[in-house]
Every structure is written in C-alpha cells, then in structure tokens.
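Me: I have a model open here and would like to talk it through. Could you keep to what can be read from the atoms?

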Amino acid sequence: MAVPRAVRWGPVPTRPGPSGSGTRRSTDRRTQIRELAERGVAEGEFSSEDLDGFTVRFAALADALALQRLRQAPPLSTEDARRHLNRLIETELRQRS
C-alpha cells in the first residue's frame, strides 16, 4: 500500500525559540500530524477510527526514531526511519475502497 498523498514527507519547518520551547514545538508537531491525518480522511484517501491515538503513536515513534538516528545506537538510516513511519501509517490509516 502506498503512503497516502496527504501524509507524504516534505521538509519539516524549523523554528528558532528560547530554551524550554520544546513542549510548544512538540504540541505544534502533533497538531500538524493530526491535521494531515484529518485532511486525508476528509479527502477520502483513508479512514481511521482513532486519529487521536494515531497522532500520539506517530509522534512517539518519530521521536524515538529521531533519537536513535541521532545516537546511532543501534545504527539507523533516514530511509529506514521513514520506512518505519510509513509502515505505521499503512497499518493504522486504512485506504478507503
């Protein structure tokens, strides 16, 4: 199953911020994930019974993979990280027939 158009990877915007702004960025990222998933459902590309749960699981996996990629323990390529995230998307967001 191909990754739905609404959730294809693009550049991630970065925002400079003062120390302690990580919580705001994390919330903003979760909001963006949720909005992308909602748009895909609204456009009829896929369906989901639990967008809140998907958003939490996607953000948690993305954070864990980013940390593993940074530390390289165990080694992880960007392509492998994307493959893991795409697998989560394919598993949790069902394509509409």
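Me: How many residues does helix H2 have, and how far does H2 reach from its first C-alpha to its last?
Reply: Helix H2 covers residues 51-71, which is 21 residues, and reaches 30 Å between its first and last C-alpha, close to the 30 Å expected at 1.5 Å a residue; the expected span is 1.5 Å times one less than the number of residues. Helices here are DSSP runs of H or I with at least four residues, strands are runs of E with at least two, and both are numbered from the N terminus. This is a predicted model, in which local features need pLDDT of at least 70 and side-chain atom pairs count only at pLDDT 80 or more, while totals for chains, interfaces and linings use all residues. Residues are numbered from 1 along each chain as its sequence is written, and side-chain values use heavy atoms, with hydrogens and water left out.

Me: Which residues of H2 are buried?
Reply: They are Leu51, Gly53, Phe54, Thr55, Phe58, Ala59, Ala62 and Leu65, where buried means under 20% relative accessible area, exposed over 50% and partly exposed in between, with a 1.4 Å probe and protein chains only.

Me: And the largest nonpolar core, which residues have the most contacts inside it?
Reply: That core has 15 residues, and those with the most contacts inside it are Ile33, Phe54, Phe58, Leu65, Leu85, Ile89 and Leu93. Helix H1 (22-42), H2 and helix H3 (78-92) are the elements that give two or more residues to it, and the largest share, 6 residues, comes from H2. A nonpolar core is a set of buried Ala, Val, Leu, Ile, Met, Phe, Trp, Tyr and Cys residues joined through side-chain atoms within 4.5 Å.

Me: What does phenylalanine 54 touch?
Reply: Leaving aside residues up to four places away in sequence, phenylalanine 54 touches Ile33, Ala37, Leu88, Ile89, Glu92 and Leu93, a contact being heavy atoms within 4.5 Å.

Me: Changing topic, how many aromatic pairs are there in the whole structure?
Reply: The search finds 1. The rings of phenylalanine 54 and phenylalanine 58 have centres 5.7 Å apart and planes at 40 degrees, so the pair is tilted; rings of Phe, Tyr and Trp (its six-membered ring) pair if their centres lie within 6.5 Å, with planes under 30 degrees apart counted as stacked, over 60 as edge-to-face and the rest as tilted.

Me: How many residues apart are those two in H2?
Reply: They are 4 residues apart, so about one helical turn separates phenylalanine 54 from phenylalanine 58.
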